[in-house]
Amino acid sequence: MTELDVYNEALQSGLYQKRTGLLGKYDNVRCFWEDAELGLYLRPYLKRLVARKKECGEGLHLLDLGCGSGDGFEFITTINDSKSLIYEHNAKVIEPDMLKFYQGIDINDGLLGQAQAIYGNKENMSFIRSDFNDFDLGADGPYELYLANYGSLSHNTNEQTIELLSNIARYSQDGALIMVDWLGRYSYEWQTLWTKDLEHNQWMDYAISYIHSDGGAKQSEVICFPLRIMGRREVLHIYRQAKRKAGGVITLRKLADRSSFVGRHMDTAQYNPCCQPLRRVVNSLFEPGLCTNLDEALVVYVPGDGFTEVNAYYQRFADCWNYLVTYTRALVDGGKLPEALAEMPLPLRRATSVMKGVVRAAARIKIGNARTSLVEPQLGYCLRELEMKLQRGQGCGHGLVAIFEVVK
Ligand SMILES: C[S@@+](CC[C@H](N)C(=O)[O-])C[C@H]1O[C@@H](n2cnc3c(N)ncnc32)[C@H](O)[C@@H]1O
């Protein structure tokens with residue numbers, strides 16, 4: 001079975017449809033953790049770009065590489081402005097008339113068909129069936145924004161990505177942004193694949209068995225295809241090569257991990273039998289009307305032999321995560337608050353203070369179930385915030401996110 005068949009099977013399963021809550025491609029973690037986190041990483045750079053464009057009275061042109069069903073459009077147009085106030089219902093970084101043109105490229109007809117069905121009537125959007133490595137950037141551009149989210153460039157070899165990034169840099173104007181999200185080399189989900197021999201272990205056989213509602217397909221149904229896994233060193237290597245090839249006009253602005261304990265293969269435990277189904281638990285935190293057993297949200301991190309730096313990050317994050325969950329449970333139950341950790345990093349102190357305020361406010365709310373509609377989603381946001389503040393961009397998550405800027 002080919003890569004195209006795999007995506008088509010996912011599409012036909014119905015679980016690749018929009019907004020699916022507890023399961024499927026657009027589950028709560030995708031919407032409220034992953035998309036939101038990518039948006040928060042991009043926001044400061046995007047705001048600067050938007051401000052510059054507004055000053056010249058110009059709009060933005062976006063190229064979505066491996067666009068699937070046009071996912072980059074919703075992603076980019078729903079990034080909240082940091083200063084939005086409670087009464088502003090639509091304060092987005094990119095206002096509707098700011099995005100002049102969206103171009104989606106993918107090699108998969110099925111996904112492009114879905115994209116057409118959703119967005120086909122919009123005049124400023126177009127979809128092309130093409131290999132993004134062969135796309136003529138010079139003829140079609142310029143674009144100011146390039147997205148390759150959720151592993152699109154993990155389909156590429158190093159050489160292809162170096163060529164692509166350097167071409168983008170060459171054909172774009174000053175200030176253009178490129179967001180890439182590779183598969184993280186040191187994701188806990190595939191701890192059995194961790195290695196020090198980066199040269200000979202660049203790819204993993206990636207299964208999308210997680211689309212099945214039982215959390216994992218039967219062994220006979222598991223379909224895999226090769227995807228490039230990336231750590232910090234490898235991104236830096238690609239970046240330096242691309243920069244040299246493009247004559248120095250590209251700069252790495254950000255390198256960050258996403259989804260350290262909530263990646264899709266936490267639930268399948270397919271590559272690491274120690275994984276707990278934490279994505280399911282966090283999906284439940286975000287689900288209105290569903291009460292989550294917070295004991296199930298506690299992480300038991302099992303270190304990988306010989307990976308000191310990676311283990312140190314995961315253990316510290318697990319300690320902070322567990323402290324916040326235990327603290328919240330005590331606030332909700334009216335129990336004894338846990339002893340402070342020996343080291344209480346600022347993001348954790350902030351998160352406990354937020355949860356304290358929210359649980360107090362929830363206790364005064366007399367309508368509906370404030371625990372499921374307010375406290376649990378807030379715990380989800382605070383855990384996400386902890387990840388963003390503690391991560392070190394090492395490849396310790398399902399995704400390793402890089403933001404590049406063209407500087408001319
Ligand atoms: C994991 S999906 C990500 C989809 C989407 N960006 C999202 O946000 O969910 C990767 C996508 O890249 C596409 N793809 C892989 N290699 C490609 C290539 N060389 N050219 C164009 N699209 C490609 C696949 O068909 C698939 O839709």
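How many Å separate the centres of domain 1 and domain 2, taken over C-alpha atoms? The answer is 27 Å. Keep in mind that this is a predicted model, in which local features need pLDDT of at least 70 and side-chain atom pairs count only at pLDDT 80 or more, while totals for chains, interfaces and linings use all residues. Residues are numbered from 1 along each chain as its sequence is written.

**Domains and their interface**

- Domain 1 covers 3-260 + 394-406, and domain 2 covers 268-390; these bounds come from an automatic or database domain assignment.
- Where the two meet, 26 residues of domain 1 are in contact with 23 residues of domain 2 (contact: C-beta atoms, placed from the backbone, lie within 7 Å).
- On the side of domain 1 that touches domain 2, helix 2 (residues 28-55) gives the largest share, seven residues.
- That side of domain 1 has 14 nonpolar, nine polar and three charged residues.
- For these classes, Ala, Val, Leu, Ile, Met, Phe, Trp, Tyr, Cys and Pro count as nonpolar, Asp, Glu, Lys and Arg as charged, and the others, Gly among them, as polar.
- Helices (H or I, at least four residues) and strands (E, at least two) are DSSP runs, numbered from the N terminus.

**Around the ligand**

- The ligand has 18 residues around it, of which Gly66, Gly68, Asp71, Asn108 and His155 come nearest (near: the C-beta atom, placed from the backbone, lies within 6 Å).
- By class, this shell has seven nonpolar, eight polar and three charged residues.

**Strand 4 and its partners**

- Strand 4 (residues 145-148) runs parallel to strand 1 (residues 60-65), joined by three bridges, and parallel to strand 5 (residues 177-184), joined by four bridges (strands pair if DSSP finds at least two bridges between them).
- Tyr146 of strand 4 is the bridge partner of Leu63, and Ile178 in strand 5 is the bridge partner of Tyr146.
- In a regular strand the side chains alternate between the two faces of the sheet.
- Both faces of strand 4 are covered, with Leu145 and Leu147 buried on one side and Tyr146 and Ala148 buried on the other.
- Buried means that 20 or more other C-beta atoms lie within 10 Å of a residue's own, exposed means 12 or fewer, and partly exposed lies in between, with C-beta atoms placed from the backbone.
- Strand 4, helix 6 (residues 158-171) and strand 5 make a right-handed β-α-β unit: with the strands pointing away from the viewer, the path from the first strand over the helix to the second runs clockwise.

**Two buried residues to look up**

- Glu405, in strand 9 (residues 399-406), counts as buried because it has 20 C-beta neighbours inside 10 Å.
- Beyond its neighbours within four places in sequence, Glu405 is in contact with Tyr45, Gly175, Leu177, Thr251 and Arg253.
- Glu405 and Gln173 are 232 residues apart in sequence, yet 9.9 Å apart in space, C-alpha to C-alpha.
- Val282, in helix 9 (residues 278-286), is buried because 26 C-beta neighbours lie inside 10 Å.
- Leaving aside neighbours within four places in sequence, Val282 is in contact with Val29, Trp33, Val262 and Gly380.

- Ser259 has a phi near 60 degrees, a positive value in a residue other than glycine, and is found in the loop between strand 8 (250-258) and helix 8 (265-268).
- Ser259 is buried, because 28 other C-beta atoms lie within 10 Å.
- Ala269 has a positive phi near 50 degrees and sits in the loop between helix 8 and helix 9.
- With 15 other C-beta atoms within 10 Å, Ala269 is partly exposed.
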